[in-house]
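Work through the exercises below with the sequence and the model open. Try each task before reading its solution.

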Amino acid sequence: MSKKAIGIDIGGTGIKGAVVDTKHGTLLSERLRFETPAGGTPKAIAKALKDLIAQLPGAQGLPVGICFPAVVKSGRTMSAANVSKEWIGFNADTFFENELAREVHVLNDADAAGIAEVRYGAAKDVRGLVVMTTLGTGIGTALMFNGKLIPNAELGHLEIDGVDYESKAAYSAKERGNLSWEQWAKRLQKYYSHLEALLTPDLIIVGGGVSKEHEFFLPLLKIKTPIVPAANRNSAGILGAAHFAKKHDTD
Ligand code: BGC
């Protein structure tokens, strides 16, 4: 039985993809990265995906998992943070299946990262409630209880001090405001203690590209819950999306 799928991670700035061994959670091809087309419309993104998949060796016929920065219900994108509003209420599974002429399964990007950590990373064999967070353009969150995903948690948008706190604590806010690690960590402290007070998790995982620099900010946070960097770093979305596609595959 083949254990391969293509994983694609669509973000506000980049689209990344690779062929994945879904049994072991490893990349079987180079990780390709394309710029997200300006406007981020479905048509423009589909064209970029076609070009990307055409450049992946051994991609022929493999199912595709796509993770995306939106609430996704039964293959339909229900929101659109940092991409075109055309995605709201859009049947993304069917659209991409027609465009790419193969089986496609779409899910939320933080959920994909959470699946990758449960299968191949920091949440493997962890019992109880694990909260995955991704710090990037926005804040993505995924809830996993005893290894099972509760999809579409949108806790990056928690309101703290009267604002959608993703606008203060995402990695993009650090860059926008030219914040030092210490200044940013103060905002993260507010965010993670709020999350902790609401959920009493057993483990919090911090992902997103900046998690590779975790030693500059995680030690500054004072919370009771163990908080660790994601094991899969930048490939978590790709790995989780590929695993999600394969799960639906019947061969
Ligand atoms: C979106 C989430 C997404 C997160 C990370 C948020 O703004 O609402 O759906 O998971 O950004 O991309």
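**Exercise 1.** Find the bridge partner of Gly 7 in strand 5.

*Solution.* Step 1: the bridge partner of Gly 7 is Gly 65 in strand 5. Strands here are DSSP runs of E with at least two residues, and helices are runs of H or I with at least four residues, numbered from the N terminus. Residues are numbered from 1 along each chain as its sequence is written. The model is predicted, so local features need pLDDT of at least 70 and side-chain atom pairs count only at pLDDT 80 or more, while totals for chains, interfaces and linings use all residues; side-chain values use heavy atoms, with hydrogens and water left out.

Step 1: Two strands pair if DSSP finds at least two bridges between them. Strands of a sheet pair through backbone hydrogen bonds, either parallel or antiparallel.

Step 2: strand 5 also runs parallel to strand 9 (residues 104–108), joined by five bridges. There, Cys 67 has Leu 107 of strand 9 as its bridge partner.

**Exercise 2.** Decide which residues of strand 5 point one way and which the other way.

*Solution.* Step 1: Val 64, Ile 66 and Phe 68 point one way, and Gly 65 and Cys 67 the other way. Step 2: strand 5 (residues 64–68) is mostly covered, with five of its five residues buried. Buried means under 20% relative accessible area, exposed means over 50%, and partly exposed lies in between (1.4 Å probe, protein chains only).

**Exercise 3.** Describe the pairing of strand 11 with strand 10 and with strand 12.

*Solution.* Step 1: strand 10 (residues 129–135) and strand 11 are antiparallel over seven bridges. Leu 129 stands opposite Phe 145 of strand 11, and a hairpin of three residues joins strand 10 to strand 11.

Step 1: strand 11 pairs with strand 12 (residues 148–150) over three bridges, again in the antiparallel sense. Ile 150 of strand 12 is the bridge partner of Leu 143. The hairpin of strand 11 and strand 12 has two residues between the strands, and in it Asn 146 takes a positive phi near 45°.

Step 2: why is strand 11 (residues 139–145) largely enclosed by the rest of the structure? Six of its seven residues are buried, so the rest of the structure largely encloses strand 11.

**Exercise 4.** State the strand order of the open sheet of three strands and name its edges.

*Solution.* Step 1: the order is 6-7-8, with antiparallel pairing. Step 2: strand 6 (72–73) and strand 8 (90–91) are at the edges with a single partner strand each, so one side of each has no neighbour in the sheet. Step 3: strand 6 and strand 7 (residues 76–77) are joined by two bridges, and Val 72 stands opposite Thr 77 in strand 7.

**Exercise 5.** Find polar contacts (pairs of N or O atoms within 3.5 Å) between the protein and the ligand.

*Solution.* Step 1: the residues that surround the ligand include Ala 70, Asn 108, Ile 139, Glu 154 and His 157. Step 2: a polar side-chain atom of Glu 154 is 2.6 Å from a ligand oxygen atom. An N or O atom in the side chain of His 157 also lies 2.6 Å from an oxygen atom of the ligand. For Ala 70, a backbone N or O atom is 3.5 Å from a ligand oxygen atom.

Notes. Near = heavy atom within 4 Å. Polar contact = N/O pair within 3.5 Å; in protein donor to acceptor, adjacent residues only side chain to side chain.
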